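I opened a notebook page for this structure and wrote down each thing I looked up. The entries follow in the order of looking.

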Amino acid sequence: MNIKIAPSILAGDFGQLGQEAKRAETGGADWLHIDVMDGHFVPNITIGPDVVKALRKSTKLPLDAHLMIDHPDKYAPEFVKAGADRVSVHVEAPHPLEATLKSIKDLGAKCGIVFNPNTPFTISKEVGQLVDYILIMSVYPGFGGQKFITEVLDNVKAAREFANQSGKEIDIEIDGGITPETTPQAAAAGANVFVAGSAIYGKPDISQAILDIRSAAEKAVS
């Protein structure tokens, strides 16, 4: 299993986001996770395409934009144009899911779907043929620093089973309450991409924090 660590820039210092992106890159991260919130789908407002455009100039890491917004079909292409390499959208949001995913792929980016903790994992044949990755939320989206919800491991297992049966390489990403202590559970259930905010940016040594999560995941699946 190809383990990847994706620090969430939401937990970084917003006064120096470019430097925070570089810290993640030099610290050994695989992706940079960008939490996009609109104040409607979730009760918080964060980052728009212009910030993604600025971050693109600051790092060579793949930018993983997680759109926690209403009507992502209207905005997903703008994030790709701004420099996002991967864009994921919620299955719970109001939008034509298949068309949204196609619009992301048509611009050359990877597309993903996201499931909230209380949404059972289900996927249609059409959507399954499009997705490059599946993101399972292990907290309710909107704010960082929340506690890991263990019940979502059933969704992780179901997503991994789907990925294994799909005949193509599909990453299973998990986001929320990820620490070296919770990572082994998620890895054992089938996750291979780990999004962490405060567990990385909240530590004095970002390189060690990334290594600790990576090691925890690798040991769980070795």
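Predicted model: local features only at pLDDT ≥ 70, side-chain atom pairs only at ≥ 80, totals over all residues.

Entry 1, Ala 82. I looked up what Ala 82 touches, not counting residues up to four places away in sequence, and found Pro 49, Val 52, Lys 53 and Arg 56; contact means heavy atoms within 4.5 Å. Ala 82 is found in helix 3. Helices (H or I, at least four residues) and strands (E, at least two) are DSSP runs, numbered from the N terminus. Ala 82 counts as buried at 10% relative accessibility. The cut-offs I used are under 20% relative accessible area for buried, over 50% for exposed, and partly exposed in between (1.4 Å probe, protein chains only).

Residues are numbered from 1 along each chain as its sequence is written, and side-chain values use heavy atoms, with hydrogens and water left out.

In what order do the strands of the open sheet stand? I read 1-8-7-6-5-4-3-2 for the 8 strands, with parallel pairing; two strands pair if DSSP finds at least two bridges between them. Strand 1 (4–7) and strand 2 (32–37) are at the edges with a single partner strand each, so one side of each has no neighbour in the sheet. On average, neighbouring strands are turned by 25° against each other, direction ignored. Axes here are lines fitted to C-alpha atoms, for helices over the stretch in contact, and angles run from 0 to 180 degrees between N-to-C directions. I also checked helix 3 (residues 72–82), which lies across strand 2, strand 3 (63–68) and strand 4 (86–90) and runs at about 165° to strand 4.

I listed its buried residues as Leu 17, Glu 20, Ala 21 and Ala 24. Seen down the axis of helix 1, they fall within an arc of 100°, so they line one face of the helix; the arc is that of the directions from the helix axis to the C-beta atoms. Their cover includes strand 1, strand 2 and helix 9 (206–221).

A nonpolar core is a set of buried Ala, Val, Leu, Ile, Met, Phe, Trp, Tyr and Cys residues joined through side-chain atoms within 4.5 Å. The largest has 63 residues, and Leu 67, Val 87, Leu 101, Ile 134, Ile 174 and Phe 194 have the most contacts inside it. Apart from it lies another core of 5 residues, among them Met 37 and Phe 41.

I counted 8, a salt bridge being a side-chain nitrogen of Lys or Arg within 4 Å of a carboxyl oxygen of Asp or Glu. Lys 4 and Asp 171 meet in one of them (3.0 Å, N to O). Lys 4 is in strand 1 and Asp 171 in strand 7, so the pair ties together parts 167 residues apart in sequence. Both Lys 4 and Asp 171 are buried. A network of salt bridges links Lys 4, Arg 86 and Asp 171. I then looked up Glu 98 and Lys 102, whose closest N and O atoms are 3.4 Å apart in their salt bridge. Glu 98 is partly exposed at 31% relative accessibility, and Lys 102 is partly exposed at 39%.
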